[in-house]
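Please look over the sequence and the model before reading on. The report below is meant for a reader who has not seen them before.

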Amino acid sequence: MKKEAMNPQSRPFNILFTSAGRRVALLRSFRCAYEQLGLAGKILAIDIDPLASALQVADAFYIVPRIECPEYIPTLHDICVREDIRLIFPLIDLDIPVLARHRRVIEQTGARLAVIPSESVDIVGDKWMTFHFFQRLGLPTPATWLAADPAVLQQSFPLFIKPRRGSASQHVYKVRNRKELDFFSEYVPDAVIQEFLPGPEITSDVVCDLDGKVLTVVSRQRIEVRSGEVAKGVTLHDAFIEAACRKIAQALPAVGPITVQCILKDKRPYLSEINARMGGGFPLGIKAGVDSPKLLLARIAGLPVDMTYTGDYVSGLHFTRYDDAFFLSQAEHEQIARRHL
């Protein structure tokens with residue numbers, strides 16, 4: 001049963017980002033959407049690190065326990081009540097299974113979670129299950145084996161090895177020969193091995209509402225990646241990739257924004273990963289003409305705004321990220337560090 005649209009006049013539309021980290025441009029894009037919609041409300045951020053830069057652009061923030069701590073969910077619950085939170089977005093992969101598992105407790109506060117159902121968490125978090133999910137959907141995907149599978153020894157090099165459960169491109173390596181295969185199979189925890197595809201890699205930002213309806217799909221080629229996040233990219237259109245993303249989102253089902261990754265081989269896309277959150281290149285789609293924050297806020301807040309998405313956005317728009325800085329005195333740092341509930 002679908003929940004009724006929220007009445008934007010009943011109370012402020014406050015949203016919260018978990019593990020806000022360095023996502024300054026993302027929070028600023030949501031602030032612009034508030035202003036354009038004339039929507040009353042605050043943008044809140046939480047993080048474990050007082051020096052998380054996105055805290056500096058939020059209207060309010062809290063320093064919270066680590067996601068694995070027993071105190072995390074009670075703390076988040078109390079923040080939602082105190083700040084009258086309406087909507088929560090996770091910004092790192094580690095948050096998703098915990099939030100999904102505690103959906104009932106969190107949503108009892110009146111907040112809604114832009115998080116996939118708990119039964120879909122393993123599909124996006126376990127590369128072996130992702131591989132079989134793509135196969136069930138009839139989508140091309142890189143051939144994948146568990147590290148202990150003898151069939152791996154029959155494959156041609158190079159190969160690709162990564163953890164079954166991992167994020168931010170940690171412990172991901174190109175394997176060029178049997179010696180490297182033996183070493184990395186021991187070194188990489190609970191590994192899967194995939195055929196090596198030459199690329200390039202395409203990431204698609206897929207934005208769904210809280211009922212799973214796909215609102216937008218914007219694709220971009222990753223030109224340069226640092227620590228698992230895109231540093232340089234360029235928008236592109238591909239009808240096959242868009243159709244595959246819509247099929248994936250419907251099958252999960254997706255709730256809120258997700259990203260879908262694929263790698264090209266002989267110009268053919270092979271679906272490789274799903275991240276059930278907004279990707280680092282999300283602001284590129286906004287600049288290309290798809291104002292996803294505005295569309296999301298209008299849709300979820302129930303605002304009568306004509307935001308019909310036609311699928312058009314600027315192709316060939318390049319994107320390059322750089323580091324900026326906020327400067328805090330010792331007193332300011334200590335004050336932020338004490339910003340617990």
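The text covers a sheet, its helix, some aromatic rings and one arginine.

This is a predicted model, in which local features need pLDDT of at least 70 and side-chain atom pairs count only at pLDDT 80 or more, while totals for chains, interfaces and linings use all residues. Residues are numbered from 1 along each chain as its sequence is written, and side-chain values use heavy atoms, with hydrogens and water left out.

**Sheet and helix**

Five strands form an open sheet in the order β3-β2-β1-β4-β5, with parallel pairing. β3 (60-63) and β5 (112-113) are at the edges with a single partner strand each, so one side of each has no neighbour in the sheet. Helices (H or I, at least four residues) and strands (E, at least two) are DSSP runs, numbered from the N terminus; two strands pair if DSSP finds at least two bridges between them. Two bridges join β4 (residues 85-90) to β5 in the parallel sense, and Arg-112 in β5 is the bridge partner of Leu-87. Helix α1 (residues 24-37) packs on the sheet and touches β1 (14-18), β2 (43-47) and β4. The direction of α1 makes about 170° with that of β1; axes are lines fitted to C-alpha atoms, for helices over the stretch in contact, and angles run from 0 to 180 degrees between N-to-C directions. Contact means heavy atoms within 4.5 Å.

**Aromatic rings**

Rings of Phe, Tyr and Trp (its six-membered ring) pair if their centres lie within 6.5 Å; planes under 30 degrees apart count as stacked, over 60 as edge-to-face and the rest as tilted. By this rule there are 11 aromatic pairs. Phe-17 and Phe-30 are edge-to-face, because their ring centres are 5.2 Å apart and their planes are at 75°. Phe-17 belongs to strand β1 and Phe-30 to helix α1, 13 residues apart. Both Phe-17 and Phe-30 are buried (under 20% relative accessible area, with a 1.4 Å probe and protein chains only). Ring pairs also link Tyr-173, Phe-183, Phe-184 and Tyr-187 into a cluster.

| Arginine | Ring | Distance from ring centre |
|---|---|---|
| Arg-268 | Tyr-270 | 5.3 Å |
| Arg-339 | Tyr-62 | 4.5 Å |

**Arg-164**

Arg-164 is in the loop between β7 (159-163) and β8 (173-175). Arg-164 is buried, with a relative accessible area of 14%. Not counting residues up to four places away in sequence, Arg-164 touches residues including Trp-128, Leu-146 and Pro-189.

How values were computed. Buried < 20%, exposed > 50% of the residue type's maximum accessible area, 1.4 Å probe, protein only. Lys NZ or Arg CZ within 6 Å of the ring centre and 35° of its normal.
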